[in-house]
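Q: Could we go through this structure together? I would like to take it topic by topic.

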Amino acid sequence: MPAFPLSEVPGFPDPVEQLSRQLKARYAGQICAELTLPAKAAQFEKLPGELDQRLRGALQARGVEQLYSHQAEAWRLAQQGRHYVVVTPTASGKTLCYNLPVLQSVCRGQGKALYLFPTKALAQDQVAELLELNKAGELGVRAYTFDGDTPGDARKAVRTRGDIVVSNPDMLHQAILPHHTKWAQFFEGLRYVVLDEMHTYRGVFGAHVANLIRRLKRILAFYGSAPQFVFCSATIANPVELATSLLGEDVTPVTRSGAPQGERRLLLWNPPVINPDLGIRASARSQTNRIARHATRAGLKSIVFARSRLMVEVLTKYLKDAFDKDRRRPPRVFAYRGGYLPSERRETEKRLRDGSIDCVVSTSALELGVDIGSLDVCILNGYPGSIAATWQRLGRAGRRNRSSLGVLVAGSEPLDQYIVRNPDFFLGASPEHARIDPEQLLVLLDHVRCAAFELPFHAGESFGCEAPLEQFLHYLLDEGVLHREGDSWHWMTDAYPANAVSLRSVAEGNFLVIDQERGGRQIIAEVDFSSAPETLYPGAIYMIQAAPYQVESLDWDGRKAYVRPTRADYYTDAVVYTRLKILERFAGLQSAQVKVAHGEVHLVRRFSGYKKIRYYSHENIGYGNINLPDQEMHTTAVWWEIRPGELERALPSRQKALDGFLGAAYAMHHVAALQMMSETSDLGRAVGDGDGRWFATQGSNGRGQMRDVSGDELAPDYQGAFRPAVFLYDNHPGGIGLSEPLYGRQAEVVRGALELVEHCDCRYGCPSCVGPVLASDEERGYSPRELALTVLGLFASGPVSDWPQA
Amino acid sequence: MNLASKIDRLRGQAVTAQVDPSGSRRRRFQSEPVPQLPGSAHTKELTDALQADWEDRGLLLCNRSYRLPADGRNAGDLSRLPEVCGLSKPDWVYIDTETTGLSGGTGNLAFMVGVARYRDGGQLELRQYVLGSFAAEQRMLQQLFDWVGPDAVLVSYNGKCFDLPLLTTRLRMHHIDIKPGSLRHLDLMYSVRRAYRDHWPDCRLQTAERRLLDIQRQDDLPGAEAPAAWQSWLRRGVTSQLARVLEHNCQDVVSLALLHRCLVPVYRGSVQTGLNHAAIGRAWREAGQPKLARRVWESAGERLDDKGSLQLAALYRHLGEWSRAEKLWLRLHARGNASAALALSKYYEHRRRDFCKALDFASQCPPAERQMRYSRLKEKMGGSLQLPLLVYG
């Protein structure tokens, strides 16, 4: 290694560029696309004149002589008393956008601050950073974390002496607000509330956090304070919209980053196909390993992101085998993930900052906030699941004045395959919208309940919700938890409602997954109610971070699943019969071929059994029974159907039509999850007719089967009317607001699915496009992929006019 | 569709269809509205049932007076407990609350508060405030703390962790600027626990009543049922249970006063068996009362445990009563107590300057001390010492 970066010596080629040229030359077939983001110069502004002298000193002691333009803009908004949201790239100095105004306020005795981070680890990081700045300027600011680990005797000091309290939404919900009188002093002097990593507050969690903020504001009003709210977020399409719906007030955006950026390249990498019939590609792992070795040999610092802890260990082992064979020399490769001791992680972070690590392999643990200095190359082993997370991770590489390289290595999942074939996704504005629905009835009800415990409600009071508050109060009155007296509604029972409400789910009662290995009772995961029956039945293989566990027993009422690690070479797939009935159509569009609509549906899911499927070959190696009650759900959905005449013309065989619909649904489901920035489990899919008379499922022969209400098989050709539809539904009771925007993007979903299937490298269909296909189909040349394309082609012909209500 | 049936429908599937065929989990309370303003029949019923006076807008006050069995003690004697010793003319106020819940947090309140203090004649004047409605709470809190006053010494049972924090929370909820946390406070639960923890199965107030005061409650409403009693008054105007809560609370407060009197002789060493003398002596010692500590420790005689004996010996040493200390250490040493060996080694080395004996005891000290003492003693004895091998072994 030269003592100084070659790139800074005129005449020497940039080593990052060299590496990327080398990779492109050797692996042209694997590289689907290359994107280049040009370098950007820094935009500075002077430190604000009104900045406290001590704070100025602290900044200068840490080498900060001026601010980036976005930091200065945030400062101005703070001084104007506005709520604002900062959305700038990773490592652009986001934290100073709130730390500066907050420290100024604290130093001048103008008020305290509450910081909320989605996780404990980030909160602790943040305090460490604040303390450094504090020390540098001898500011005398007291910043404390307040979380589940804070010892009982320290809590009082945090409440009464803390200038900045750093916590998380769950603590605010369960420990702070229900005991707000103990925090009276703190709330009375509160000037700022900061929510960092705002993009994590979406979906169910987001709906809860929005209501939590309603509760917080109610308590703050009780103590006569109205602090400013500051949000920070990774890149999403709609930061202002999200911040506004979280807060229920106007929020001003800060989006133009003044931080410098070197040139950034991104290679989209698809492992080579090794079995074209089955569509099987070389593993992402082997490709990732190869690229990381190239980078390390070239003397570049790299970070590898893997999607599971297990994969982190596997990749680390491979890379250590290559680079750390000589034990006398300091190790060059490190792993970083949750589950390591905090001290160990801090040590690795330190080594990263001082540049003594050549390659670090990490889970998403390093994706958020943690300061690790800057690196040259970032390799993503598999698509992280969202564009925001992808950028967040890629942002880990890139020195300010030097180019960086990112490589996204696709796995075989549909999302991965879709992404590498649609590089446009990475350009321009992020297509992902973070959605929340603060009006979700059950979530709202839970928080009205918690709020009533915190302070009595009075007539005419508003909770910031659209639905009339009084009706919720009447409901709780009927339930016996409230008592009405004159114009007030008082909490009445001996219960602590926050304990019964988890911010991460809708239905009450998450399931705990308990590992009984070695007689232990360690909780290793939490599964929300709606996905429990299809993942935690006895016999199921439950994957945690890619490590397989087998469910031994399920305590349905106690909401516990007991598991044990296993070495099974198969995974399990529940056979779920989903029956849908359309209750109400809210809106619809139609054309001569298709109809698309959005509305409320009633859904019954029956779990009849499960299949054991061998890895790689996807062959079915056995069955098991599931004994669980039927699950019913009212939710909202979007559905697509083809006019019967058109369908018959395109696909005369009803059997083929079923297979086509099932394949199309599979592809549309994955694309929709991607476009909605949600987990695939937040959306459900079904194929059937809208009256709930029959529904389609994939039988053991791989072929679509038509089943009636009780799950008995029907012969498709002997049914009367045949109007199959693809349903994508919001997989939470009452919905969490996914299906309405999904309806708005229905054309994009269909187009995306069509592209996914069209451009897949398999011959007859594979798990990357229309779902697993049986080997027998391949032998006979039966192509579910073609059928799905026919269906999707019709969907894509596009509805043009309004479909009037009947 | 109205909101309630929508929610019911959504929650219907949150539970499963088969587990709950009725479809609805809700218990509907058919509550008759209870008129809350004075003058109504319900109010009359409540005042009659509780034999209380209607104060104002739903607040009830029940006054009683008790003459406690004479025991020749005056109020000043009652401060002979470690937490309150040295108080001059303390104004004791006994306090106990009945609350709507035990879970803590802002959603619970005290719907009944019983307080009592001694009057000049020596009789105990008891006041019980009862909420006939939520609206009366603010008035109750104000009247209560007006009556208690700023100089009272509160006496409670587990009030430090329960009753007072709860009242503090309620005061804040009503923006009343009173901080009861700043009042002096004697929590008898700690006094009882200290003395009896190792001798009783539990230290609840009723256990103390039975064992120390010989009180057997008749037809007592268990404390856990108190919230339901108040609810049935609010929801349905039922007064009978609330009357029983009133009796329960009254007994609690009177028991506090009796227990307080009863604990004074216990803490003065007048009782020889069935209690933890060592801990009581320690409390006196920490309260800066070595004489009382000594009296309690000595009253235990041979029954004093090792820890207590060591502390008593340390007290003798402190007072210069060396022979007493030595005697005690030797007794402990005979029982194999290593700390006593250390004390003896120091005593022989520094006080008696008998290095041989000091060395002998040093060999029986805890290992951490042993080596250090050995080297020093060796030096003092002029290096002529042969160490037994086992010392280093």
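**Loop residues and beyond**

A: Lys89(B) is exposed, as 8 other C-beta atoms lie within 10 Å of its own. Please keep in mind that this is a predicted model.

Q: Where does Lys89(B) lie?

A: Lys89(B) sits in the loop between strand 2 (59–66) and strand 3 (91–99) of chain B.

Q: And what is the phi of Lys89(B)?

A: Phi of Lys89(B) is near 45°, a positive value in a residue other than glycine. Most residues other than glycine have a negative phi.

Q: Now Arg559(A): what is its phi?

A: The phi of Arg559(A) is near 60°, again a positive value in a residue other than glycine. Arg559(A) is found in the loop between strand 25 (547–555) and strand 26 (560–565) of chain A.

Q: Why does Arg559(A) count as partly exposed?

A: Arg559(A) has 17 C-beta neighbours inside 10 Å, and therefore counts as partly exposed. A residue needs 20 or more such neighbours to be buried, and 12 or fewer to be exposed.

Q: How far apart are Ser530(A) and Gly57(A)?

A: In sequence, Ser530(A) and Gly57(A) are 473 residues apart, and in space they are 54 Å apart, C-alpha to C-alpha.

Q: Let us turn to chain B as a whole. What does its secondary structure come to?

A: Chain B has 16 helices and seven strands. Of the 393 residues in chain B, 37% are buried.

Q: What about its contacts in sequence terms?

A: Taking contacts in chain B between residues at least 6 apart in sequence, 60% join residues at least 24 apart.

Q: How do helix 13 and helix 14 of chain B pack?

A: Helix 13 (residues 338–351) and helix 14 (residues 355–362) of chain B have axes 8 Å apart and pack at an angle of about 165°. Helix 13 of chain B and helix 14 of chain B are therefore roughly antiparallel to each other. The crossing of helix 13 of chain B past helix 14 of chain B is left-handed.

Q: Which residues make that contact?

A: Helix 13 of chain B contributes Ala341(B), Leu344(B), Ser345(B), Tyr348(B) and Glu349(B), while helix 14 of chain B contributes Phe355(B), Lys357(B), Ala358(B), Phe361(B) and Ala362(B). By class, the residues of this contact are seven nonpolar, one polar and two charged.

Q: On to chain A. At what angle do helix 20 and helix 24 of chain A cross?

A: Helix 20 (residues 654–675) and helix 24 (residues 784–796) of chain A cross at roughly 75°, and their axes come within 7 Å. That makes helix 20 of chain A roughly perpendicular to helix 24 of chain A. Among the residues in contact are Phe661(A) and Ala664(A) of helix 20 of chain A, and Leu787(A) and Val791(A) of helix 24 of chain A. The contact has nine nonpolar, three polar and three charged residues.

Q: Next, strands. Which way do the side chains of strand 4 of chain A point?

A: In strand 4 (residues 84–87) of chain A, Tyr84(A) and Val86(A) point one way and Val85(A) and Val87(A) the other way, and all are buried.

Q: How does strand 4 of chain A pair with strand 10 and strand 9?

A: Strand 4 of chain A pairs with strand 10 (residues 252–254) of chain A in the parallel sense, over three bridges. With strand 9 (residues 228–233) of chain A, strand 4 also runs parallel, joined by four bridges. Tyr84(A) has Thr252(A) as its bridge partner in strand 10 of chain A, and Val230(A) in strand 9 of chain A.

Q: Finally, how many residues does each chain give to the contact between chain B and chain A?

A: Chain B gives 34 residues and chain A gives 39 residues. The largest share of the side of chain B, nine residues, comes from helix 1 of chain B. By class, that side of chain B has 14 nonpolar, 13 polar and seven charged residues.

Notes: Residues are numbered from 1 along each chain as its sequence is written. Chains are lettered from A and ligands numbered from 1 in the order in which they are written. This is a predicted model: local features need pLDDT of at least 70, side-chain atom pairs count only at pLDDT 80 or more; totals for chains, interfaces and linings use all residues. Helices (H or I, at least four residues) and strands (E, at least two) are DSSP runs, numbered from the N terminus. Two residues are in contact if their C-beta atoms, placed from the backbone, lie within 7 Å. Axes are lines fitted to C-alpha atoms, for helices over the stretch in contact, and angles run from 0 to 180 degrees between N-to-C directions. Angles under 35 degrees count as roughly parallel, over 145 as roughly antiparallel, 65 to 115 as roughly perpendicular and the rest as oblique. A crossing is left-handed if the near helix is turned anticlockwise from the far one by less than a right angle, and right-handed if clockwise. Ala, Val, Leu, Ile, Met, Phe, Trp, Tyr, Cys and Pro count as nonpolar, Asp, Glu, Lys and Arg as charged, and the others, Gly among them, as polar. Two strands pair if DSSP finds at least two bridges between them.
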